[in-house]
Amino acid sequence: MPEDTQPDSTQPDRTAANPTVDESAHAPTGVMDPADEVTEINPDVDITPEDIGPTVAEGERLLEVDDVTLRFGGVVALNEVSFHINKGEILGLIGPNGAGKTTCFNVMTGVYQPTSGGVRFLGNPLGKRKKFAITKLGIARTFQNIRLFANMTVLENVLVGVDAHHSTGIGSAMFRLPKHRREEEQGHARAMELLEFMGLAGKADELARNLPYGDQRRLEIARALATSPQLLCLDEPAAGFNPAEKRKLMELIQTIRDQGYTVLLIEHDMKLVMGVTDRIVVLEFGRKIAEGTPAEIRDNPAVIAAYLGVDEEDAS
Ligand SMILES: Nc1ncnc2c1ncn2[C@@H]1O[C@H](COP(=O)(O)OP(=O)(O)OP(=O)(O)O)[C@@H](O)[C@H]1O
Ligand SMILES: [Mg+2]
């Protein structure tokens with residue numbers, strides 16, 4: 001199924017918002033090897049986002065998806081979808097295959113422009129902003145299929161994210177102006193902190209492609225965090241994980257939230273989503289069919305019908 005594709009791009013765009021360059025050189029197995037050692041995170045390392053600029057108070061609306069429709073030819077991938085994400089919450093975005101979850105991420109991160117409707121972040125429309133501009137605004141994502149720079153080191157992968165956040169341009173980089181040098185040092189320290197947090201600091205100099213699958217998934221999250229986002233969007237971050245690893249990843253997501261991030265989580269495993277999220281939005285065939293607390297969603301006949309593939313009346 002197509003997802004994350006960029007039909008209009010002619011040039012590779014080597015940014016944290018679109019780290020696709022080395023994809024061909026990388027063959028993710030898509031599942032954990034049972035022999036892989038499970039990496040322990042260090043939840044006490046301080047990874048609070050830095051220099052985030054203007055924001056809203058805890059519990060207020062950080063992002064609003066407003067009546068978004070997106071058509072691909074005859075396919076209506078999103079159909080008049082509206083929901084919002086409150087600052088400080090973990091919002092689950094769930095729904096059967098093809099429901100429009102990844103497309104929703106793509107609209108929120110500037111990969112696609114909606115056919116109608118729009119997205120507001122901190123009250124301002126994203127409009128026609130490009131991916132890098134949206135990353136700078138404070139929205140970061142990971143991808144359903146891992147997209148690391150396979151032939152770069154673990155540290156370099158995270159530095160790509162740090163660079164996307166920092167402000168000095170190519171001019172000051174070329175002339176090695178003091179501000180640029182300072183940013184470089186701070187960036188390096190920030191990247192190492194994130195690797196420390198993820199339990200990957202000891203592997204900083206390894207090539208990303210040589211990491212076990214679970215570490216690659218965590219590295220992708222570290223890179224997204226390196227952009228100091230206000231909103232972290234995770235597209236099935238636990239895909240291919242065994243149940244114990246999945247539980248650990250959910251704990252990691254909660255820790256990330258507790259350190260000051262807002263999280264939007266796509267995850268297929270209902271039980272996991274129920275355990276980790278504050279609220280859940282459910283999509284089916286591009287439409288929002290339910291929204292509420294995990295308990296409300298669990299008992300919602302339309303959701304049960306969507307997941308079990310039975311008529312709503314039979315499920316109620
Ligand atoms: N670039 C595209 N071109 C055409 N159709 C697309 C494109 N991207 C997505 N779609 C279609 O939009 C619909 C929603 O796809 P999407 O990938 O968002 O679903 P999803 O909920 O993420 O599914 P999954 O759980 O399988 O990842 C599907 O019918 C898909 O085929
Ligand atoms: Mg998807």
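Mentor: Let's start with a term: two strands pair if DSSP finds at least two bridges between them. Helices (H or I, at least four residues) and strands (E, at least two) are DSSP runs, numbered from the N terminus. Also, this is a predicted model, where local features need pLDDT of at least 70, side-chain atom pairs count only at pLDDT 80 or more, and totals for chains, interfaces and linings use all residues. Residues are numbered from 1 along each chain as its sequence is written, while chains are lettered from A and ligands numbered from 1 in the order in which they are written.

Trainee: Okay, which residue stands opposite valine 75 in E2?
Mentor: That's phenylalanine 72. Further along, leucine 70 has leucine 78 in E2 as its bridge partner. Eight bridges join strand E1 (residues 61-72) to E2, and the two run antiparallel.

Trainee: What about the hairpin of E1 and E2, how many residues sit between the strands?
Mentor: Two, and glycine 73 in that hairpin takes a positive phi near 55 degrees.

Trainee: In what order do the strands of the open sheet come?
Mentor: The order is E2-E1-E4-E5, with antiparallel pairing. E2 and strand E5 (124-125) are at the edges with a single partner strand each, so one side of each has no neighbour in the sheet.

Trainee: Is aspartate 67 buried, exposed or partly exposed?
Mentor: Here's the rule: a residue is buried if 20 or more other C-beta atoms lie within 10 Å of its own, exposed if 12 or fewer, and partly exposed in between, with C-beta atoms placed from the backbone. Aspartate 67 has 14 other C-beta atoms within 10 Å, so it's partly exposed. Glutamate 80 is partly exposed because it has 14 other C-beta atoms within 10 Å.

Trainee: Now zoom out for me. How many helices and strands does the protein have?
Mentor: Eleven helices and ten strands. The protein has 316 residues, and 41% of them count as buried.

Trainee: New topic: which residues touch the most other members in the largest nonpolar core?
Mentor: A nonpolar core is a set of buried Ala, Val, Leu, Ile, Met, Phe, Trp, Tyr and Cys residues joined through C-beta atoms within 7 Å. The largest one has 78 residues, and Leu194, Ala222 and Leu232 touch the most other members. Helix H6 (residues 213-226) gives the most to this core, six residues.

Trainee: And what is leucine 194 in contact with?
Mentor: Contact means that the C-beta atoms of two residues, placed from the backbone, lie within 7 Å. Leaving aside neighbours within four places in sequence, leucine 194 is in contact with Ile47, Val158, Ala222, Leu225 and Ala226.

Trainee: How many residues of strand E3 are buried?
Mentor: Five of its five residues, 90-94. Ile90, Gly92 and Ile94 point one way, while Leu91 and Leu93 point the other way. E3 runs parallel to strand E8 (residues 262-266), joined by four bridges, and parallel to strand E9 (residues 279-284), also through four bridges. Isoleucine 90 has valine 263 as its bridge partner in E8, and isoleucine 94 stands opposite valine 282 in E9.

Trainee: Which elements do the buried residues of H7 pack against?
Mentor: They pack against E3, strand E7 (231-235), E8 and helix H8 (270-276). The buried ones are Leu249, Met250, Leu252, Ile253 and Ile256. Seen down the axis of H7, they fall within an arc of 155 degrees (taken from the directions from the helix axis to the C-beta atoms), so they line one face of the helix. On the other side, Pro243, Ala244 and Asp258 are exposed.
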